[in-house]
Amino acid sequence: MRKALIIGAILLALPTSAGWAQDDLGEVVVTGQRTSQAYYTDEQPVIGLRRQADSAVQSVAFTSDSRDEPTRKREIHAMLLAAIDRTDSAGVQLVTGDFELVPVTRANYADQLFQSGNRPDTSVINLMVKAKLAGSTGSAQKRIDDFVRAVPPSGRALLEKRGSLTLTIINPDQYRDEIVRLVADGAKKSAGFFGQEYGVDVTGLDQELAWAQISGTEVFLYIPYRFSIKPK
């Protein structure tokens, strides 16, 4: 039997709702909630890295219900430009993206897709407002709320919040080495309870990093490892 900590390469399947990190990711939306529960579930491994998220994001919608479509689009674009011009002073950023976030600026605002609204003759552009976290989400939520209220309407265009805050994390894969060290230390400690004649097999550390929200401000980053304690 092997006499030291053995790091294997057995791939383990995880639910598809987990977020997967790749090298050089930018800022990503935390999407690792696996069930209808709001936060931590018992499907995650015990050992991982708990840390504060980098920012909070709020989904928003630029809408207009003017009768003709060209007018609706002009009104939404005018309000979107007014919003972009206020982001710096408000301490927020307009972003888009289902996973990795991309800033919305005057250079790319016209590339944002129009969608049909829930009512007839309504056009919508769905974006997010991002605010950096500094402790609780209260400060971030206030900055976002103040920003949304301050953007002036254009014609029949409106800016509305949708849903609740979610969290973001910048380049999750930068924490891989730290998480591997935590797993190694935990595995060695567990084997030590059984005496010097026991070692541990660790598998799954070659998998990509995953993460989940575990509180209103924190995320849990982990690698889907498994380990077993065996005689040496």
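Mentor: Before we start: buried means under 20% relative accessible area, exposed over 50%, and partly exposed in between. Also, this is a predicted model.

Trainee: OK. Is F99 buried, exposed or partly exposed?

Mentor: F99 has a relative accessible area of 28%, so it counts as partly exposed.

Trainee: What does F99 pair with?

Mentor: The search of the whole structure gives 4 aromatic pairs. In one of them, F99 is stacked with W211, at 6.1 Å centre to centre and 15° between the planes. F99 sits in the loop between β5 and β6, while W211 belongs to strand β11, 112 residues apart.

Trainee: And W211, buried or exposed?

Mentor: Buried, with a relative accessible area of 0%.

Trainee: Which residues of α1 are buried?

Mentor: Among them are T71, R72, E75, H77, M79 and L80. The cover over the buried residues of α1 includes strands β4, β5, β8 and β9, and also α2.

Trainee: What follows α1?

Mentor: G91, with a positive phi near 70°.

Trainee: You mentioned α2. Where does D145 lie, and is D145 buried or exposed?

Mentor: D145 lies in helix α2. Its relative accessible area is 16%, under the 20% cut-off, so D145 is buried.

Trainee: What does the D145 side chain contact?

Mentor: The side chain of K161, through a polar contact of 2.8 Å.

Notes: Residues are numbered from 1 along each chain as its sequence is written. This is a predicted model: local features need pLDDT of at least 70, side-chain atom pairs count only at pLDDT 80 or more; totals for chains, interfaces and linings use all residues. Side-chain values use heavy atoms; hydrogens and water are left out. Buried means under 20% relative accessible area, exposed over 50%, partly exposed in between (1.4 Å probe, protein chains only). Helices (H or I, at least four residues) and strands (E, at least two) are DSSP runs, numbered from the N terminus. Contact means heavy atoms within 4.5 Å. Rings of Phe, Tyr and Trp (its six-membered ring) pair if their centres lie within 6.5 Å; planes under 30 degrees apart count as stacked, over 60 as edge-to-face and the rest as tilted. A polar contact is a pair of N or O atoms within 3.5 Å; within protein, one must be able to donate a hydrogen and the other to accept it, and residues adjacent in sequence count only if both atoms are side-chain atoms.
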